[in-house]
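Let's take a walk through this one together, starting with a single spot and then moving on to where the chains meet.

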Amino acid sequence: MEQSLAFRLGQTTLGLDINAAVEVMTPFGVKAIPNMPDYIPGIMKIRGELVPLIDMRVRLGVEPRPTKERAIIVRSIAGKVGLLVDEVFGIMKFDAGKLRKPPVIFLGLKRRYLAGLYGVDDDVIAVLDMNEILSSEEALLLEKARKKKGKKKGKKAS
Amino acid sequence: MASSGRRVTKNSIAVSFTLIIIFIFIICQGPLWLWFLFTQKDKFGEMLHERAQMSARMISSVAGDYIGDGNIASLKKTIDKIAEDEIILSIKVFDMNGVLVTSAFSRVEERDSASPLYISWRNTARDRISVGTKEFGMVEVSYSGAKANNAMFWLLSIPPIAQAFVFALITLAIFWFTYLRVGKPIGILSERLERITSGDLTVEIPEMDGKEIEAIADGLRYLVQRFSATVRRMHSLASNVMETTGGLSSSFKNSMEMVKKQSTSTDEIALSLKGSLESQKKISDSTEQLSGISGENVSSLMEVKASEDEIVTHMASLYDATEKSYTIVSDMVDTTTSVNENVQRVLASVENTSASVEEIIASVKEVESSARESSRIANDVREQAAHNGVVTVGKAITGMSEITDKVTYSVDIVGRLGKRSDDVQRILSVMKEVTDQTNLLSINASILAEQAGEHGKGFSVVAEEMRELSEKTGAYTKDIAGIISMIKREISDVVIAITEGMRFVEEGSLLVYDVGETMSAILEAAHESANMTKMIERSTESQVIALRHVEDSVIEVNTMSLEMNKVMDKLFRSTEFILLHIGEVKEVAETTKQGIFEQSEGVKSIAQNIEITNERVAVINESATRQRRLEEGLFSEVEEIRNAGVWILSDMERVSNTFSRLREDVDVLKREMGMFKV
């Protein structure tokens, strides 16, 4: 049995590999960074560590319906990254063998981000492929954002 | 006629143009040809001679050796060979002594020609035969110009023929071009022109190409149209003039007849005027006589009238005196009667006054009593208003202010309640945050538990419990929030209702104030009316006293009037007696006056009548004289009219003649116009 962290984006329920997740929190003190694409709204400081944020609603092309906002902090090739989602449900268990590939036309999501789909009760949960979500290029971009913020702080301190 | 005209035009332009061009060509070609002929002729002659000379030189160069050797046969052979040349007629070789050594002849026939165009038919070239300085004889070569003439013939005849052919082609081209572009349009135009000249203006000028031709065609069309319009106008004008002159002529004839008639009637008028003049003279004479007789009549009548007038004036003065005394007496009677009547009237009115004074007294008394009553009522009202109304209103006002206070207090309480619920809401939001945080914590705990694997299993149970707790708390918080917001809504409704109530209470107290004010106004009014009625009471009392005085004096007047009435009766009777007697005297005087007046009037009217007659006679005389003068003038004028009539007649005859000539002229013009078809 596999485990995934279930969350909501608009009207869609999505899953995330539990081993990638670090913690869930309400975003606070988000600082905007200039010259960044739409889906990177800014950077957040958690316990002295700079974590860039990715707005998943923009990134996956899901229509935003922000009721309450949550940030899922995940480990990635670019270090810790915060994913902005609408709501986090909790941990869900599923059979890895029942994970099916998504059909050609699947909701409003971009198909290549999905590892597969599985059914829980009436709902269908789309499990995200973390490696696809962050390309190496974007990882670089995030690193740059983190450095920019760090430099700024360093300058301020000096 | 038209077709021949077209041909003529075509020939005249296209052909003559072509002919002129050919003529110019020939004129230019002739001298050129002649010059060419003569120069070429000389050149050919020289060329022939040179050729013959060449042959002679060839023979002479070999002939010396042959003659020196005595080899005459070889010489002959050579000569024969050379003589084969077609231009050479004969070759003769002579020795030093001029003796013919040998000769050769070609087969060409010898011919003579005298034409100057030809190169001389026969000619001879000579050369001496010599070897070194030694002479052996002479060579004589005679040649013919036939060959050159043939060449000349071809040279001079072929180029002109070729040129003539080219000329013909050019001429044809020019002729065709000229005919097509100029001759044909001009032919058409000239044909149309001919038709126009013959009087047919209905001809249509076709559209044409080419600048000049087009301009000509357009111009011609415009002219024809204009001319046609003008001819049409002239035609109609001519017919109009014809008609008019015809009408004029006939009316002139009528006028002439009328004038003739007038003339005869003027004669008649003159005659009758003469008669009337004579009779007028007679009337004038007899009126003058009548006038004389009338004048005498008038003077005698005037005397009678004067004496009559004197009588009338005396009579009138007598009558006037009687009339005056009568009028005085009758005036007296009238006055007495009227005095009497007045006394009677005074009596009646005194009685009436007495009665109405009584009535007034009665009504004044009524007024007095009712004034007293109303004074009492007003006092009552005042007391009532003062004691009940004002006190009640005061109570109402205090009640109202109490209500206002109470309502304000309850609004305060409700407001505080609202604030309390706000506080509750704030607490709820804090609770919600706590719940959210707990939820997050539980999720994070479960993540950690999962990642810890087997060791974290117990921890995961705790995390699950935490999650459930947070969910439940969340649900309760939501419920409480709902209830609180409902309470808040209700409170705001209550506040609105109370505010509305407050407004009503304020309005009510305002109304009560108004009532209080009205009450005091009523009080004042009641007081005033009580005062007024009292005043009325007082004045009616004094009125009654005054009226009693009036009543007394009326009774006094009444007694005095009765006495006066008696005295007046007596006076009236005596005056009536006098009047009766004077009336009789007046009647007699009047009759007398009437008679005298009538007589006088009769005389006056006779005199007037005679005067009027006289005046009329004078007027008749004057008017007869004037009429005579007028008639004399009229007679002379009639004479003048007669003379004028004769003149007019002769003038009219002249005009009539002119008209008939004009008609003839116009007729001719019309016939001329008729020639043009339009």
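Over the ring of which residue does the charged end of B:Arg503 sit? The ring belongs to B:Phe504, and the charged end of B:Arg503 is 5.4 Å from its centre. Keep in mind that this is a predicted model, so treat that distance as a value computed from it. While we're on rings, a search of the whole structure turns up zero aromatic pairs over all chains.

Now for the place where chain A and chain B come together. On one side, 17 residues of chain A make contact, and on the other, nine residues of chain B. Between them, the two chains bury about 1100 Å², with carbon and sulfur atoms giving 53% of that area. Looking at the chain A side, the residues that lose the most area to chain B are A:Val24, A:Arg70 and A:Ile91, which together make up 35% of what that side buries.

What about polar links across the boundary? There are zero salt bridges between chain A and chain B, but four residue pairs are in polar contact, with both residues at pLDDT 80 or more.

Which parts of chain A do the touching? Strand 3 of chain A gives the largest share, at five residues.

Definitions and conventions. Residues numbered from 1 in each chain as written. Chains lettered and ligands numbered in written order. Predicted model: local features only at pLDDT ≥ 70, side-chain atom pairs only at ≥ 80, totals over all residues. Heavy atoms only, no water. Contact = heavy atoms within 4.5 Å. Buried area = accessible area lost by both parts, 1.4 Å probe. Salt bridge = Lys/Arg side-chain N within 4 Å of Asp/Glu carboxyl O. Polar contact = N/O pair within 3.5 Å; in protein donor to acceptor, adjacent residues only side chain to side chain. Helix = DSSP H or I, 4+ residues; strand = E, 2+ residues; numbered from the N terminus. Phe/Tyr/Trp six-rings, centres within 6.5 Å; stacked < 30°, edge-to-face > 60°. Lys NZ or Arg CZ within 6 Å of the ring centre and 35° of its normal.
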